[in-house]
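Have a look at the fold before reading on.

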Amino acid sequence: MFEVKDIKESSLAENPVVQRMSQYNHEQLLFCNDNATGLKAIIAVHNTTLGPALGGTRMWNYSNELEALNDVLRLSRGMTYKNSISGLNLGGGKAVIIGDSRKNKSEALFRRFGKFVESLGGKYITAEDVGISPQDMTWVNMETNNVVGLPGKSGDPSPVTAYGVYMGMKAAAKVQFGSDSLTGKKIAVQGVGHVGEYLVGYLAKENADIFITDIHDATLKHVANKYGAHVVGLDVIYTIDMDIYAPCALGATVNDETLAKLNCSIIAGAANNQLGDETIHGEVLKEKGIIYVPDFMLNAGGVINCYAEVKGLTSEWAMTKAAEIYDTSLNIINRSNKDNVPTYKIANKMAEERIASIGRVKLPM
Ligand SMILES: NC(=O)c1ccc[n+]([C@@H]2O[C@H](COP(=O)([O-])OP(=O)(O)OC[C@H]3O[C@@H](n4cnc5c(N)ncnc54)[C@H](O)[C@@H]3O)[C@@H](O)[C@H]2O)c1
């Protein structure tokens with residue numbers, strides 16, 4: 001998959017926009033500006049072979065436009081892979097709004113953004129991401145119907161995401177320990193926010209031995225008391241004797257430094273981009289015999305929930321679809337072991353193969 005650091009190092013003069021698009025084979029970029037509302041945004045449509053490009057809008061105070069451009073290119077491509085491997089009829093897209101989500105929000109800004117989404121004629125469907133609330137999306141929705149995650153619709157995706165992570169974790173346990181029971185397994189959950197807390201709930205029901213950490217003390221105490229989890233320090237989480245490490249807060253926590261300490265047999269969590277450098281750390285994990293369940297496949301419950309909203313399907317359908325993450329994880333891990341190839345490579349290949357084969361189905365008769 002795409003290495004973000006490769007392009008961040010190149011300037012726009014060295015690597016201009018359209019060249020950058022061709023590097024990742026993006027279909028379309030829409031640069032959006034409106035002086036009256038202060039809107040500055042980029043919408044990236046990476047690939048629509050499987051269907052309209054679905055991916056959230058992120059509002060972030062990027063330090064420069066190049067950073068925003070690289071982020072939207074990377075994130076939209078990631079959505080293509082996530083939607084493909086999850087068996088959804090959706091392509092990959094993403095949008096970024098450049099600005100401070102605590103200071104620069106207004107109804108006018110989001111409605112103007114909604115008009116830009118609408119101008120793509122259904123090729124891109126947006127949703128919430130970092131820095132965006134359901135209220136913001138209701139403003140976007142005043143100008144376009146190509147939006148999901150609205151209040152009163154499919155709702156908070158976190159329970160579905162947590163369920164998918166839990167199922168994939170069980171599949172990894174089946175391969176690594178010979179049984180998918182998590183009873184008595186030492187499981188460390190880093191970050192017990194929306195997804196982390198629901199995940200801890202599933203693990204507690206199976207009587208796993210749960211260790212948690214979080215930067216937010218009140219959240220930590222609440223989850224520890226509710227589920228009887230052991231609290232550990234922010235850095236201690238990497239050093240404890242555990243069976244499973246579940247990163248549910250930040251990306252890139254599996255890196256040179258933490259790999260020297262991590263004492264686990266499985267890595268399975270909700271966070272995006274868990275490997276600091278996919279090619280390096282994906283290989284190291286394979287060599288160490290640690291099963292890494294690829295994050296973009298494992299945490300797809302959220303987008304499955306969005307898909308249910310797009311297609312008018314029920315929440316039961318979304319949970320059943322998220323349960324398929326068990327079989328997909330088993331398939332990836334077994335192929336990885338059989339071919340001695342890191343799991344992330346197998347997952348990427350599976351996503352690419354589905355796009356290629358469905359692309360052929362869609363050719364004119
Ligand atoms: N919500 C979803 O449905 C969904 C779907 C796919 C992926 N994800 C990813 O899963 C992760 C968790 O999502 P969420 O919705 O639960 O977010 P959240 O913000 O509700 O929870 C994250 C938690 O991590 C804690 N945290 C932050 N930095 C930390 C650190 N250094 N050490 C320990 N804890 C730390 C926060 O205090 C918070 O409680 C994110 O990376 C998100 O991108 C979420």
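Which residues in helix 7 are buried? Val195, Gly196, Glu197, Tyr198, Leu199, Val200 and Leu203 are, where buried takes 20 or more other C-beta atoms within 10 Å of a residue's own, the C-beta atoms being placed from the backbone. Keep in mind that this is a predicted model, with local features needing pLDDT of at least 70 and side-chain atom pairs counting only at pLDDT 80 or more, while totals for chains, interfaces and linings use all residues. Residues are numbered from 1 along each chain as its sequence is written.

Helices here are DSSP runs (H or I, at least four residues), as are strands (E, at least two), numbered from the N terminus. The buried residues of helix 7 pack against these partners, with contact meaning C-beta atoms, placed from the backbone, within 7 Å:

| Partner | Residues |
|---|---|
| strand 7 | 186-190 |
| strand 8 | 209-213 |
| helix 8 | 217-227 |
| strand 10 | 244-247 |

Helix 7 has 12 residues and runs 18 Å from first C-alpha to last, close to the 16 Å expected (1.5 Å times one less than its number of residues). After helix 7 comes Asn207, with a positive phi near 60°.

Now for the ligand. Of the 24 residues around it, Thr161, Gly191, Gly193, Ala249 and Gly302 come nearest (near means a C-beta atom, placed from the backbone, within 6 Å).

Key. Buried ≥ 20, exposed ≤ 12 C-beta atoms within 10 Å, placed from the backbone. Contact = placed C-beta atoms within 7 Å.
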